[in-house]
Every structure is written in C-alpha cells, then in structure tokens.
Amino acid sequence: MLYTALGDSITFGENASSFAKAYPRLAVASLNSRTRRVAGNVLAKPGWSSEDLLRAVKATPGISRSDIVSVWIGGVDIADAALASIATQKPPAIQQALLNYRRNLSQILGHLDKTSHARLICFTQYNPFPNSSIAIAGIRSLNQTTIEVARRYGAAVAPAHKWFEGKQASLIYGYRQGKVEDALSGFMPIHPNDRGHQVIASGLIPYLDSGK
C-alpha cells in the first residue's frame, strides 16, 4: 500500500524532534510493524497555503499511484487573515480566506479523484489558540468547510480538532497562553510536539488500516 500525506508545516513535521517523529512516518512505521507492507510519501512544506498545495499536487503526477492520500491544509489561510487583522487593526478577512480555501480544497480533491483511485482523507484543524475568539470562530468555520468539501468528494474526515481539544498545552510545541497574540513574537507556537504527532498518528492509523 502506498500512502501519500499532503499538507503544510504540520505534515512536514516542523518542530518534531526528527522527521521520523512526524505523524505520517509514525503511522507508516506502526502499520509496518503489524506485518503490513506500507510505503509512505510526504508532499508538504512549511508555510504552504491551500493554493500552494494545489499547485504542488497538479505538478506531481506520481501522486496518482497512491492507494491512500490524506490532505491537511488551510491553517495558513486562516492564520494569515487573523494575523493581518491584528497588525492592521482591521476586521479579519476570514470569509474571503474561506472562499479561497473552499475553491482550492475542492480543486485538490477533484484532481485526486480524477487522476487516481486513492481513498481520500481530510484532516480537520486543531486550534492552537483556544483562548482567542478570533481563532475559535475562524477554525470552526475552516473545519466546517473542510467537512462539507470532503463529503462532496467522498473523502473520510479525520477529526484532529477533537484529538487536541482541551489538550493543546501538552500537545503543541512552545505553547504559551493559547492566544493569537502569542504568534506576534516571531515564534509560531502552532505545531505538534512529539506527543502531538503521536496522537495524530494514533488517530490516523484506523483510517489507513481499515478503510474507515
């Protein structure tokens, strides 16, 4: 079985202690330890928006050989809108960001649906800033959009937001006050630590292993 993980810095493994500790590799290693033969590929880069991922997917024909493809994207789309709002003291352009995200995710899943026979999985986004109302509202809307688009294309939904809810302080690298303002210091406390990646891998494995 060939599993391809698409995404941004979370899928890339930023702030994990090593790439081997990032959730895609943890999940593949766990399945292989159970006498399954699974190969894993990762197409992800820190800072990628949904538009960046769409371009990368269209430029990477090898994805079509995958048996399973997961997509975790959109956090950058919302974060950029929220941080711009704080910097400019203007209302956040969340709705426009969501419209762009909906279009890009639809094109990503549509492209995968047309060019491969892979089972598709979409991750929801956990909230690294649970003590900020702007983050709560933005990520809730992002996840609702993800669920709606995923259902349209028959993709499974892996609810990462539920796996992290109430546990952000122990699962996010560099977690501070859980407020968007924490990101203004230059360091973004948004990525899973090793424990967070293990939680994601544990949640993902049933979707890879049983066709959930």
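The model is predicted, so local features are given only at pLDDT of at least 70 and side-chain atom pairs only at pLDDT 80 or more, while totals for chains, interfaces and linings use all residues. Residues are numbered from 1 along each chain as its sequence is written, and side-chain values use heavy atoms, with hydrogens and water left out. Helices (DSSP runs of H or I, at least four residues) and strands (E, at least two) are numbered from the N terminus.

**Helices α2 and α9**

- Helix α2 (residues 23-32) packs against helix α9 (residues 194-210) at an angle of about 55°, with the axes 8 Å apart; axes are lines fitted to C-alpha atoms, for helices over the stretch in contact, and angles run from 0 to 180 degrees between N-to-C directions.
- The two helices α2 and α9 are therefore oblique to each other, given that angles under 35 degrees count as roughly parallel, over 145 as roughly antiparallel, 65 to 115 as roughly perpendicular and the rest as oblique.
- In contact (heavy atoms within 4.5 Å) are Tyr23, Leu26, Ala27, Ser30 and Leu31 of α2 with residues of α9 including His197, Ile200, Leu204 and Asp209.
- The residues of this contact of α2 with α9 comprise nine nonpolar, three polar and one charged, where Ala, Val, Leu, Ile, Met, Phe, Trp, Tyr, Cys and Pro count as nonpolar, Asp, Glu, Lys and Arg as charged, and the others, Gly among them, as polar.
- Tyr23, Pro24, Leu26, Ala27, Val28 and Leu31 of α2 are buried, that is, under 20% relative accessible area, with exposed meaning over 50% and partly exposed in between (1.4 Å probe, protein chains only).
- Besides α9, the buried residues of α2 pack against β1 (2-7), α1 (9-12), β2 (39-44), β3 (68-72) and β4 (119-123).

**Helices α5 and α6**

- The axes of helix α5 (residues 94-115) and α6 come within 10 Å and cross at roughly 25°, and the two helices are therefore roughly parallel to each other.
- Among the residues that make this contact are Leu98, Tyr101 and Leu105 of α5, together with Leu142, Thr145 and Val149 of α6.
- Buried residues of α6 include Ala135, Ile139, Leu142, Asn143 and Ile147.
- Glycine 154, which follows α6, has a positive phi, near 70°.

**Asparagine 15**

- Asparagine 15 lies in the loop between α1 and α2, and its phi is near 75°, a positive value in a residue other than glycine.
- With a relative accessible area of 24%, asparagine 15 is partly exposed.
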